[in-house]
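Colleague: I would like to go through the labels on this model one by one. Please give me the value behind each.

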Amino acid sequence: MEDGTLRITNASESDAGRYTCVARNPFGTASSTGTLVVKEPTKITVPPLSMDATVGESIVLPCEVSRDSSVDPTFKWFFNGKLVDFSRHDHFEMIGGGSSGDLMVRNIQLKHSGKYVCMVHTAVDSVSAAADLIVRGPPGAPEGVLVGEVTDRTAQISWGPGSDNHSPVTLYIVQARTAFSVGWQAVRTVPDSVPGQMTRATVVGLNPWVEYEFRVVAVNAVGVGEPSAPSQPVRTRPAAPEVAPANVSGGGGTRGELVITWEPVPEELQNGEEFGYVVAFRLLGSSVWIQSVVPSVDASRYVFKNDSIPPLSRFEVKVGVYNSMGEGPFNPEVIVYSAEEEPSVAPARVWARSLSASEVQVFWEAVPPSLSKARITGYEVQWWEEGSPVSDARKEKVAGSPARITGLKGSTVYLVSVRATNSGGVGPASVPVNITTKKPPPSQPPGNIEWNLTNSKIFLNWEHVKAMENESEVTGYKVVYRQNWRRRTNVVETNRTSVELQVPSGEDLLIQIKASSDGGDGSYSSPIRIPKMSSLNSRGFFSSAASKKVHVHGVAFLVLVWLLL
């Protein structure tokens, strides 16, 4: 070239060698020598290929080169024009080594769609290759769900398509939600299966007078996409009710009543405002129906009162429904019995005995069926203190004789009577009988308790409890004991003021003693704790009156609680 530069085109190994450049002018000559080394060019032999992938998969984009053995390649990857920083991307990883710099993309997501470029640098040259990655995923959410014309049973729905994420939408699913449903539920549509190219449908099979929200879900070959945002709530138009009450039955009540019951119709099936019930009934064999309107959505019971109705008369009964749009169906007719007659005969031979200061037992003879037209299904015992009005009586229903009455006052006179009962009510009361509860049990616990432990035997002694004038005489004692770590207690009864207990050795023992009497059990003594002594001999003394405890072990003397002298 004119400036003296030597350009070698399409260089090859034969061009390698020493080159000298000589320059001359009238003043002299100058030269410069250099060495040309010709390297093998770097070539990408396995370039990345454009490909499709599905969300969640992992792929490898290859990038392998051939190069001169004297140079080392450096691999770099670019994603959509930006250098990939492998330290900041969990999804990208460079694998291989030497002449390979493959890119692994793990758990591919939609955001990984784009252009990938592998660039290889050496000390003498650089090359690159590119590929496009298309990631296919479930469709995006449909947009702008609108509700058009609404009838009592249908609604016109339309929407805009969302992104298909590189896989065409094959199907749309319409879902609905109400205040009565459990979350979103798929609904029936026309057409039954909404194809991917259609963005409108008619929802059918809705309930009248119910507020609905709608949403749409798109489906493609990859999977089910995210649902659209809900539509604005819309209420279907009202219609006459179509569902009759369930479980119509009845019976019971008091004399002269016909009691009819049913299960209320759920709100979502009432179909309109001003919902209520129509109760119809007639005596079996009669041709005339009696109807009554029950204008309450929550009603589940109707009582017809007429004193001329014979007990246990059979009625045909049906219950229908209505609302502001008209009347609905009745349930199939059922047989319901009117109330039965209450018993008319009082129990005989009522008597009572006192069990304690707080309990009495009442006996009577059952009313014979031959004396009562009405069924006898049970009895009612009532009692009150002498001198109190009958209106203060307490009552308890029982199946039969005898009956136990508890919670009474000691040394108190009570009046007791009994009445027969059935579903129609209660019969007349028997003539009241008097019963006096026993005196209360002794209030003083056993005192001056001594104990002596020899191996596994405990000998207990205590002072006899003297009952006060208004208390029941002591008839015996109850010794209650348990091992310290167990909840189950053992009870020994005796009519003496001493007892011998056979207990396992090596365990702490808690003991309490109380007096027993016709009036019941008295107060417990304070707990006595006898510590485990293995095979040693021990004895102790406890005085409840003086609040003193003394424990003697061998020859050692130990005061557990100070003595109040």
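Modeller: Start with threonine 42, which touches Val65, Ser66, Arg67, Val120, Thr122, Asp125 and Val127, leaving aside residues up to four places away in sequence. This is a predicted model.

Colleague: What makes those residues contacts of threonine 42?

Modeller: Contact means heavy atoms within 4.5 Å. Val65 and Asp125 are among the residues that threonine 42 touches.

Colleague: Why is threonine 42 called buried?

Modeller: Its relative accessible area is 4%. Buried means under 20%, so threonine 42 qualifies. Threonine 42 lies in the loop between strand 2 (28–36) and strand 3 (43–46).

Colleague: Why does cysteine 21 count as partly exposed?

Modeller: Cysteine 21 has 42% relative accessibility.

Colleague: Why is the disulfide of cysteine 63 and cysteine 118 called left-handed?

Modeller: The torsion about its S-S bond is about -80°, so the disulfide is left-handed.

Colleague: Which parts does the pair tie together?

Modeller: Cysteine 63 lies in the loop between strand 5 (59–61) and strand 6 (64–66), and cysteine 118 lies in strand 11 (residues 114–121). The pair therefore ties together parts 55 residues apart in sequence. Both cysteine 63 and cysteine 118 are buried.

Colleague: On to the sheets. What makes strand 7 and strand 8 a pair?

Modeller: Strand 7 (residues 74–79) and strand 8 have two bridges, in the antiparallel sense. Pairing needs at least two bridges, so they count as paired. Phenylalanine 79 stands opposite lysine 82 in strand 8.

Colleague: Where do these strands sit in their sheet?

Modeller: It is an open sheet of five strands in the order 4-12-11-7-8, with mixed pairing. Strand 4 (51–54) and strand 8 (82–83) stand at the edges with a single partner strand each, so one side of each has no neighbour in the sheet.

Colleague: How do you know that strand 22 and strand 23 pair?

Modeller: Three bridges join strand 22 (residues 246–250) to strand 23 (residues 257–263), which run antiparallel. The rule asks for at least two, so the pair meets it.

Terms used:
Residues numbered from 1 in each chain as written. Predicted model: local features only at pLDDT ≥ 70, side-chain atom pairs only at ≥ 80, totals over all residues. Heavy atoms only, no water. Helix = DSSP H or I, 4+ residues; strand = E, 2+ residues; numbered from the N terminus. Buried < 20%, exposed > 50% of the residue type's maximum accessible area, 1.4 Å probe, protein only. Disulfide = S-S within 2.5 Å.
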